[in-house]
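Colleague: I am new to this structure and would like to learn how to read it. Could you take me through it feature by feature?

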Amino acid sequence: MKTKVTKEEGKITIAFIGRLDTPAAQEANPVINELMEDADKTIIIECKDMEYISSSGLRIFLTLRKAAEEKKGKVIIQNINDDIRSVFMMTGFLNLFEIR
Amino acid sequence: MPYALFQSGIKICIMNLKEQTNKLTERVGKRGSRWTGLLLILVAVAFLQIISLVQAYYAHKGILSEAQTKAESQLNSIKSGILNVVNQAESAVRNNVWLAQWSLQVPDSLANIPKLIVNNNPIVAGSTIAMVPNYYKKRPLYSPYTAITNGEIIETSLATEEYDYPSQEWFTKPIELDRGYWSEPYIDTGGGEILMTTYSVPVKDNSGRIAAVLTADIDLEWLKTLVNDIKIYPGSFSTVVSRTGRLMVSPEDSLIMNTTIDEYASKVKDTASFNALNRAMLGRKSGNIQVTHNGKKNMVYYTHIDKTGWAMNIIIPESEMFAGLNRLNNLIRLLQLLGLLLIVLIFRSIAKSQLRLKYISEKKEKMENELKIASDIQMSMIPKTFPPFPERKDIDLSAALVPAKEVSGDLYDFFIRDEKLFFCIGDVSGKGVPASLLMAVTRSLFRSVSAHNDNPQEIVSTMNNSLSDMNESNMFVTFICCVLDLKSGKMQYCNAGHNAPLILTDKMSELPVNPNLPLGVLRYWEYTVQDVTLHYDDAIFLYTDGITEAENPNHELFGIERLKHTLSGRKAAQAHLDNVKRAVAGFVKEAPQSDDLTMLFFHYLNDSIQGSREITLENNINEIHKLEKFISKVADDAQLTESAKSCLNLAMEEAVTNAILYSGSPTVEVTARTGNDDITFTITDSGKPFDPTAAPDVDINKDALERPIGGLGIHLYMKIMDSVTYERRDNRNILTLTKKIDKNSIQK
């Protein structure tokens with residue numbers, strides 16, 4: 001699991017590459033904490049190369065979503081595969097996020 | 001209620017039995033093979049008749065031969081009596097012929113010769129010397145005659161005009177024949193009516209010319225006496241006839257000299273028969289002939305006296321001759337009749353008892369048939385198709401019931417419901433039809449109660465209450481009921497007074513059972529449930545005491561040790577049962593089977609071809625990587641699509657993560673069993689109790705700010721898995737998760 005954060009003008013893109021399982025989510029915590037500071041901006045979660053997500057991963061998304069809500073920012077999730085889409089569906093995440 | 005149905009069934013059965021017994025006693029002897037009996041009697045009669053005919057034939061022959069011997073000896077005796085007289089008479093005359101010859105010269109002296117003959121021979125009643133007419137010129141007719149009448153000697157002459165001696169037979173015949181001649185007998189009227197005959201001999205002079213005839217008259221009255229005295233049978237008699245067939249001696253005096261056989265024959269009805277007799281007697285022969293007179297048969301034995309030309313016979317009525325034989329025959333016939341009667345009676349009684357026997361055996365056959373049908377019905381109540389679940393790889397189960405009688409009081413049963421294997425075994429007290437009916441009731445109860453209950457304790461209790469309610473016959477059933485969760489291997493069981501089953505793990509031991517009471521003994525008895533976890537390759541052997549208590553001729557019991565020995569080794573369930581049957585049969589040898597042999601062998605197998613997998617994870621979140629690989633293998637075993645694999649992995653990761661992060665258990669065990677259409681995981685930890693199935697679910701429709709961070713994991717695996725059960729046992733959390741495999745989740 002890798003994360004790649006790209007900062008542009010007014011928006012930050014974080015790409016998850018590989019499996020976002022519980023250990024990976026724990027590993028990603030520092031990155032996410034860093035990202036939280038930019039929650040007033042638009043955070044794009046790039047899922048093009050994300051194979052898998054567990055509830056820990058979802059919690060990261062939800063944490064970001066909550067932070068963005070507080071700081072008037074925005075979280076956009078893009079390019080989720082079908083499996084992840086179904087997980088989103090099961091958890092109601094499809095309605096919580098703007099998904100492209 | 002099935003029980004009520006069986007109760008009325010029992011009553012109907014008993015009533016039928018009584019009815020049939022009554023009919024049996026009424027109808028005995030109505031049918032039978034009468035023809036065989038008749039034939040037998042006819043054969044017996046024929047046989048007896050043949051015997052008596054043979055016997056009669058030989059007796060007849062013997063009697064005839066005896067009669068002939070007797071008759072011939074009598075005839076000979078008469079004959080010799082007659083010949084004695086005849087010879088004396090002939091001698092008396094011949095001895096004086098020379099004197100007469102010599103005296104011819106002196107005619108007056110001739111008169112002395114008859115006198116001499118009469119005086120010297122007492123048998124001679126009269127005598128004359130009758131001169132040929134004109135031999136003496138002076139005396140043309142000369143015949144001086146001496147007779148003895150009433151002891152007085154009278155001398156007279158036969159040369160009278162009335163008598164005309166030269167024309168008499170006694171005078172003419174000897175001259176004609178030129179030898180001595182016995183005249184036809186005649187009745188002499190001179191001195192009373194006396195039967196007489198005359199012997200005459202010609203007398204020649206010196207020139208050889210016949211000069212005179214010398215005679216002797218013989219009184220034949222002695223002949224009558226001689227002949228009539230002979231009676232060889234009370235009704236037999238004799239006759240003597242002259243050479244012309246004239247009757248000289250006859251029981252009927254009126255016939256004497258008045259008739260000939262010839263004349264008699266023409267008068268009677270049996271002419272032909274008498275003519276034959278006539279011919280035979282006048283034929284100068286000896287022999288015998290059968291003569292019918294007045295419809296009655298007579299045997300006539302006859303002989304002939306050459307010198308006089310007489311014939312005589314002995315006539316024996318056959319009725320007399322065979323009177324003894326007939327009496328004997330009648331006696332024999334009477335005895336035969338009695339014998340036949342006896343045979344008939346014996347036959348009838350045999351036939352009767354055979355009929356009874358036949359009827360009883362028919363009845364017995366019918367009852368046996370009915371019992372056979374009952375047995376078939378009973379056997380059809382218990383599952384008999386093995387293997388019973390061919391589609392299941394996790395069950396190798398076989399059961400057998402070998403009844404000691406036509407019907408059995410034992411039962412076993414098994415079925416699968418909701419991935420649970422229900423199986424049971426039972427033994428009804430007593431044997432035969434009553435036990436079999438109770439067996440049927442028990443089996444029905446088991447099926448109906450276990451259809452909606454999977455707790456053995458409740459199943460057994462309900463059955464016990466039902467059976468106790470209506471147990472009028474005070475019979476009971478020992479019973480053990482097992483319910484195995486095929487996914488987890490957890491087996492609950494409840495024993496009702498049955499002997500402990502054997503459990504075969506890496507060793508063989510008796511499954512610990514609480515004894516409890518048998519079913520039907522006490523209502524509301526509180527049965528206790530027990531449990532055991534079966535692992536793959538473990539086996540359970542349920543049996544009734546008919547096996548361990550099978551007795552050999554020395555009254556030794558088969559026993560549990562022999563049973564354990566027989567069951568050792570890993571074999572197919574059916575092979576185990578066959579081995580036990582063989583071992584018991586080999587042990588009891590010719591001793592009759594005293595109890596039903598019933599057993600059930602269940603071998604718990606790993607149901608997936610790929611095999612089960614298990615993994616033990618340490619309490620470290622990075623162990624999730626191992627879990628991922630583990631789940632990947634399990635999913636590959638089941639040939640799941642990547643998507644399904646991912647989904648399964650997610651659920652398991654969530655469940656295991658919770659155990660790792662929150663239970664505090666040092667290790668977490670995960671097992672996976674791949675069935676044909678599902679995968680079951682168990683997650684076991686020894687941490688603090690936590691029942692996720694009781695945890696509140698997250699509300700996925702809440703606004704982002706209101707949604708809690710946690711709880712998503714449980715929600716996910718509850719969503720993904722088809723069933724999730726939690727159990728706290730032995731201070732362990734056991735979470736069982738099952739995911740069904742549908743065709744969409746399998747790789748194409």
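Modeller: Start with strand S16 (residues 477–485) of chain B, where nine of nine residues are buried. Buried means that 20 or more other C-beta atoms lie within 10 Å of the residue's own; exposed means 12 or fewer, partly exposed lies in between, and C-beta atoms are placed from the backbone. Strands (E, at least two residues) and helices (H or I, at least four) are DSSP runs, numbered from the N terminus.

Colleague: How should I read the residue numbers and chain letters, and what kind of model is this?

Modeller: Residues are numbered from 1 along each chain as its sequence is written, while chains are lettered from A and ligands numbered from 1 in the order in which they are written. The model is predicted: local features need pLDDT of at least 70, side-chain atom pairs count only at pLDDT 80 or more, and totals for chains, interfaces and linings use all residues.

Colleague: Which residues point each way from S16(B)?

Modeller: Val477(B), Phe479(B), Cys481(B), Val483(B) and Asp485(B) point one way. Thr478(B), Ile480(B), Cys482(B) and Leu484(B) point the other way, and all of these residues are buried.

Colleague: How do I read strand pairing, and which strands pair with S16(B)?

Modeller: Two strands pair if DSSP finds at least two bridges between them. Strand S15 (residues 420–428) of chain B pairs with S16(B) in the antiparallel sense over nine bridges, and Cys424(B) has Cys481(B) as its bridge partner. S16(B) is also joined by six bridges to strand S17 (residues 490–496) of chain B, again antiparallel. Here Phe479(B) is opposite Ala496(B) and Cys481(B) is opposite Cys494(B).

Colleague: What lies between S16(B) and S17(B)?

Modeller: The two strands form a hairpin with four residues between them, and Gly489(B) in the turn has a positive phi of about 80 degrees.

Colleague: In what order do the strands of this sheet stand?

Modeller: The order is S14-S15-S16-S17-S20 (chain B), an open sheet of five strands with antiparallel pairing. Strand S14 (410–417) and strand S20 (529–533) of chain B are at the edges with a single partner strand each, so one side of each has no neighbour in the sheet. On average, neighbouring strands are turned by 15 degrees against each other, direction ignored; the axes behind such angles are lines fitted to C-alpha atoms, for helices over the stretch in contact, and angles run from 0 to 180 degrees between N-to-C directions.

Colleague: Is strand S7 (residues 210–219) of chain B largely enclosed or open?

Modeller: S7(B) is largely enclosed by the rest of the structure, because eight of its 10 residues are buried. Seven bridges join it to strand S1 (residues 124–131) of chain B, and nine join it to strand S6 (residues 194–204) of chain B; S1(B) runs antiparallel to S7(B), as does S6(B). Asp217(B) in S7(B) is the bridge partner of Gly126(B) and stands opposite Thr198(B). S6(B) and S7(B) form a hairpin with five residues between the strands, where Gly208(B) takes a positive phi near 90 degrees.

Colleague: How do I read a loop residue such as Val698(B)?

Modeller: Val698(B) is in the loop between strand S25 (678–685) and helix H18 (712–720) of chain B. It counts as partly exposed because it has 19 C-beta neighbours inside 10 Å. A contact between two residues requires their C-beta atoms, placed from the backbone, to lie within 7 Å. Leaving out residues up to four places away in sequence, Val698(B) touches Pro708(B), Gly711(B), Leu712(B) and His715(B).

Colleague: How many residues of each chain are in contact with the other?

Modeller: 21 residues of chain A are in contact with 23 residues of chain B. Helix H1 (22–36), helix H2 (55–70) and helix H3 (82–91) of chain A each supply at least two residues of the side that touches chain B. The largest share, eight residues, comes from H2(A).

Colleague: Where should I be careful with chain B?

Modeller: Chain B has a mean pLDDT of 85, with 94% of its residues at 70 or more. Over residues 1–10 of chain B pLDDT stays under 50, and the value also stays under 50 over residues 25–32 of chain B. Where pLDDT is low, the predicted coordinates should not be read in detail.

Technical notes: pLDDT = per-residue confidence, 0-100.
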